[in-house]
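This report covers a helix pair, the nonpolar core and the chain-level totals, in that order.

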Amino acid sequence: MYSIFSSKALLLLTVAALSLQVTGARGQFSDPAAGSLSATTIPPARLLQPGDLNRFLMEANSNGPLILQVGSHVMFAQAHIPRAVYAGPGSQPGGLKLLERLVASTPKNGEIVIYCGCCPWNRCPNMGPAYKKLLDLGFKNVKALYLANNFGDDWVARGYEVEKGE
Amino acid sequence: MSVVRFLQIILCAGLLCSVGLRGQPQPKLVGRAAPEFVRSDLNGHEIDLKRYHGKVVILNFWATWCAPCQVELPEFEKWQERYGADGLEIIAISMDDGDSAVRMTVQRLHIDYPVLMGDAYLGEAYGGVLGLPVTFLIDREGKIVDKIKGETDLRQVESRVRSVLAK
């Protein structure tokens with residue numbers, strides 16, 4: 001009896017565990033940011049304020065940091081930071097592969113700035129995974145542009161320079 | 001015109017062309033006619049904004065990766081059912097880069113109102129959609145009466161929608 005109970009319990013537990021996996025996956029799908037790393041996991045010391053980056057870009061010569069937009073391509077095409085390259089979306093495996101390809105020939109101590117601006121910082125599904133990916137690839141000098149609300153409000157509306165198109 | 005003056009003009013024109021675009025505050029669309037568009041929705045039906053004159057339209061820009069958007073979509077579906085007879089029409093414009101995730105999300109959330117795929121052109125027409133969600137409330141004359149950005153108290157938005165419907 002004990003062995004039958006154990007087998008049944010094990011079966012029930014297995015079914016329950018599988019159900020939870022499915023539910024969890026569905027829940028993950030329904031809340032895109034839930035299963036991905038939050039932007040808030042990026043250490044504050046690695047954050048760059050928009051004003052600082054804009055000042056740097058205005059003063060820098062052609063040897064500035066590699067600037068990567070890791071969010072939406074539709075938004076990138078509307079407006080992006082001058083010299084930025086599209087490298088997203090960070091929340092998708094395909095986007096992370098693109099990111100990896102784009103930085104393949106960048107020195108590991110090279111300066112990289114990533115940004116997104118799709119939505120409020122604590123809701124962004126792209127920055128956290130992109131930042132982690134770059135760290136996992138061995139990059140030592142990665143900074144994240146802190147856009148508290150979105151790219152429109154925190155960059156464009158402030159009158160900072162943009163480029164448009166692909 | 002002297003040669004010097006001509007060269008001055010050419011130099012100025014050249015300098016102006018070489019300067020990157022300064023970001024501008026997004027143009028104020030509230031109070032103006034909603035930019036028109038004609039697009040097919042996910043089901044292949046033509047959606048012509050002009051044909052919505054006489055209706056109150058909620059034009060919602062969203063994306064599958066936008067968490068606050070996922071909260072809004074089913075609420076808007078309820079509003080469509082609740083206020084459709086009063087003349088409310090909801091049109092959703094996805095700013096995703098492809099439609100496969102959009103179709104899955106629309107099916108999962110049981111969204112029946114038209115969902116279109118947006119792009120940079122449409123985003124720019126609406127003042128630059130550079131953060132989500134963004135929702136425009138358009139009155140029966142086709143004028144934008146409100147622009148709602150980011151996460152918001154949907155009860156307040158619903159109250160606003162009711163007041164526009166009542167006019």
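## Helix contact

In this predicted model, L96(A), L99(A) and E100(A) of α4(A) meet P129(A), A130(A) and K133(A) of α5(A); contact requires C-beta atoms, placed from the backbone, within 7 Å. By class, four of the residues in this contact are nonpolar, none polar and two charged (nonpolar: Ala, Val, Leu, Ile, Met, Phe, Trp, Tyr, Cys and Pro; charged: Asp, Glu, Lys and Arg; polar: the others, Gly among them).

Helix α4 spans residues 93-102 of chain A and helix α5 residues 127-136 of chain A; their axes come within 10 Å and cross at roughly 40 degrees. Axes are lines fitted to C-alpha atoms, for helices over the stretch in contact, with angles from 0 to 180 degrees between N-to-C directions. The two helices are therefore oblique to each other (under 35 degrees is roughly parallel, over 145 roughly antiparallel, 65 to 115 roughly perpendicular, the rest oblique).

## Nonpolar core

The largest nonpolar core has 79 residues, and L68(A), I114(A), M127(A), C66(B) and L132(B) have the most contacts inside it. Such a core joins buried Ala, Val, Leu, Ile, Met, Phe, Trp, Tyr and Cys residues through C-beta atoms within 7 Å.

Leaving out residues up to four places away in sequence, L68(A) touches A84(A), V85(A), A87(A), L99(A), L102(A), I112(A) and I114(A).

## Chain A

Chain A has six helices and six strands (DSSP runs numbered from the N terminus: H or I of at least four residues, E of at least two).

## Conventions

Residues are numbered from 1 along each chain as its sequence is written, and chains are lettered from A and ligands numbered from 1 in the order in which they are written. Local features need pLDDT of at least 70 and side-chain atom pairs count only at pLDDT 80 or more, while totals for chains, interfaces and linings use all residues.

Methods:
Contact = placed C-beta atoms within 7 Å. Buried ≥ 20, exposed ≤ 12 C-beta atoms within 10 Å, placed from the backbone.
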